[in-house]
Amino acid sequence: MTTSATPKTTAPVIVRHHGLRHVSERDVIEAVGGLAALDSIPLQVEIDSAAHAQDVENAGWGASHGGVWQAARQLREKLQVTPDARVIYAGLAEVPQVVALGAYLGDEWTVETYDHHRETGGWGWLSNKQTLSLETTGL
């Protein structure tokens with residue numbers, strides 16, 4: 001008797017991190033290949049770091065830091081009750097905010113990242129073509 005394995009479904013969780021640029025739901029869904037590429041309707045999580053732009057511009061990271069910590073805590077809570085979460089992150093925020101979000105989120109989930117491309121205006125990865133070749137030499 002043979003059994004066929006049913007493909008494992010995932011629960012997509014789209015994290016849109018606004019900061020230096022707004023990220024729309026449409027942008028992210030296009031980047032991942034459309035709704036057909038997702039196993040189900042995605043849960044949407046928005047993080048708005050743009051609200052702290054003036055503080056950051058004046059080297060005041062305190063409010064931004066607290067906002068990122070709070071967003072990461074809320075996201076962790078959602079992910080802990082979302083079995084088989086597929087975390088999809090698209091954002092263009094200040095680098096310290098993105099790094100802090102990742103640090104506070106932890107390493108329990110694999111996160112797919114999508115970045116904005118100035119040349120195309122899109123969020124998807126441009127190519128999987130090899131663009132760099134490295135050779136190691138004796139040490």
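The model is a predicted one, so local features are described only at pLDDT of at least 70 and side-chain atom pairs only at pLDDT 80 or more, while totals for chains, interfaces and linings use all residues. Residue numbers start from 1 along each chain as its sequence is written, and side-chain values rest on heavy atoms, with hydrogens and water left out.

Start with the sheet. Four strands make up an open sheet in the order β2-β1-β3-β4, with parallel pairing. Strands here are DSSP E runs of at least two residues, helices are H or I runs of at least four, and both are numbered from the N terminus; two strands pair if DSSP finds at least two bridges between them. At the edges sit β2 (43-48) and β4 (111-114), each pairing on one side only. From one strand to the next, the twist averages 20°. As for β1 (residues 11-18), six bridges join this strand to β2, and the two run parallel. H17, for instance, has I47 in β2 as its bridge partner.

Two helices pack on this sheet. Helix α3 (residues 62-80) touches β1, β2 and β3 (85-91), contact meaning heavy atoms within 4.5 Å. The direction of α3 makes about 170° with that of β2; axes are lines fitted to C-alpha atoms, for helices over the stretch in contact, and angles run from 0 to 180 degrees between N-to-C directions. Helix α4 (residues 95-105) touches β1, β2, β3 and β4, and its direction makes about 145° with that of β1.

Now for α3 itself. S64, V68, A71, A72, L75 and L79 are buried in this helix, where buried means under 20% relative accessible area, exposed over 50% and partly exposed in between (1.4 Å probe, protein chains only). Seen down the axis of α3, the buried residues fall within an arc of 100°, so they line one face of the helix; the arc is taken over directions from the helix axis to the C-beta atoms. Those buried residues pack against β1, β2, α2 (53-57), β3 and α4. G62 and Q80, on the other side of α3, are exposed.

T82 is buried, at a relative accessible area of 17%, and touches A11 and V13, leaving aside residues up to four places away in sequence. D84 counts as partly exposed because its relative accessibility is 39%. D84 also has a positive phi of about 55°, although it is not a glycine.
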